[in-house]
Amino acid sequence: MKHLILFALAFTLAISPVAAQADHYKGIKWKDRQTNHFVLRANGTDHEPGRKYAEDVYDLTEGILPGLKGDFEENKFRTPKGGDGSDGEIFRYTIYMTGDASTYLDMVQQEAGKGRTANNIRGMKMTGNYGDIQNQFYVLCKEPIGDGDGETPRRRGKRDMSNVMVHSVGSQLVAGRARQSNLPLWMGAGYGYYCEHKLTKSCRVHYIDFTGYYEQAGQLVTGGMLNSADPWTRPLRALCRKNVRESLTVVTRATVDSMTPNISGYMFALTHFLVSTPERIKNYEKLVEAARDGIQITKPQLLKAYGYSSDSDFEKDWYAHILSARFR
């Protein structure tokens, strides 16, 4: 079954209503908690996992994209349509967390009136989380919505949404910096996986049901299973050493429908490579700036930003990085 995850940090200062912060949903009461760069809104639950991880996601991303600081702290953030992110002096990204499925479905219904497609709505109901197309907020539900939501129920039926939140908010921060709502999957998902790996030492967001894939794939990925409990670096290194590799073309052209465990893994490994040195981080920043200028990010744009003239030259360095001790 496909999982349509819709793209998806000095800590607390106060627990009180937050001035000049938009409320994106009508008729729902929230308990607000403000951090340096976020407003955490809870309904029927606590402020986790936002309290624990949100500022860490910001810090990790701001270290790669330093312009994020101006977007937030000087309110230079703009939506893909050019709108302001906040009426105040600074922009704070909002994370909505509800412990009640009916409240979440009410929010999804309100989204349906904002131009979401039928596929968007179905995916949101399946996964129990989604990101704003204007990159201003993220919504998660801790109560299972139904079959195929991709998270294991925890105590009293609540789900641990930590990895999903880390993944999705990381993706949204990059999209927000790029002022785009349609970055290619390899950029959004790849950076989401990178955040998961750095902050939780695991990657649990699967764009397809990996268990079913393994049952059908036979010996294809023997010795390199990408599960949700362990870091992906070791099995990916083993796959790469055995020449079980995904090409740059396959990874950059991937869609949700074409994703496999191996493509997901190499998508993570691609981002890991792209931000693995100070020089490469500067190139990644250039790539995001290009998107910010309205340039469609494709494989040629990636090669250009990193100074490569061919796929083979890029892949030589990329695969060498995966096989190195730096890939950890």
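**Exercise 1. Decide whether Phe-268 and Phe-327 are buried or exposed, then classify their ring pair.**

Solution. Both Phe-268 and Phe-327 are buried (under 20% relative accessible area; exposed is over 50%, partly exposed in between; 1.4 Å probe, protein chains only). This is a predicted model: local features need pLDDT of at least 70, side-chain atom pairs count only at pLDDT 80 or more, and totals for chains, interfaces and linings use all residues. Residues are numbered from 1 along each chain as its sequence is written, and side-chain values use heavy atoms, without hydrogens and water.

Next, the geometry. The ring centres of Phe-268 and Phe-327 lie 5.7 Å apart with planes at 40 degrees, so the pair is tilted. Rings of Phe, Tyr and Trp (its six-membered ring) pair if their centres lie within 6.5 Å; planes under 30 degrees apart are stacked, over 60 edge-to-face, the rest tilted.

**Exercise 2. Name the cluster that holds Phe-268 and Phe-327.**

Solution. Ring pairs join Phe-268 and Phe-327 with Tyr-193, Tyr-207, Phe-210 and Trp-232. The structure holds 22 aromatic pairs.

**Exercise 3. Find the charge over the face of Tyr-25.**

Solution. Lys-114 lies there, 4.6 Å from the ring centre of Tyr-25. The criterion: NZ of Lys or CZ of Arg within 6 Å of the ring centre and within 35 degrees of the ring normal.
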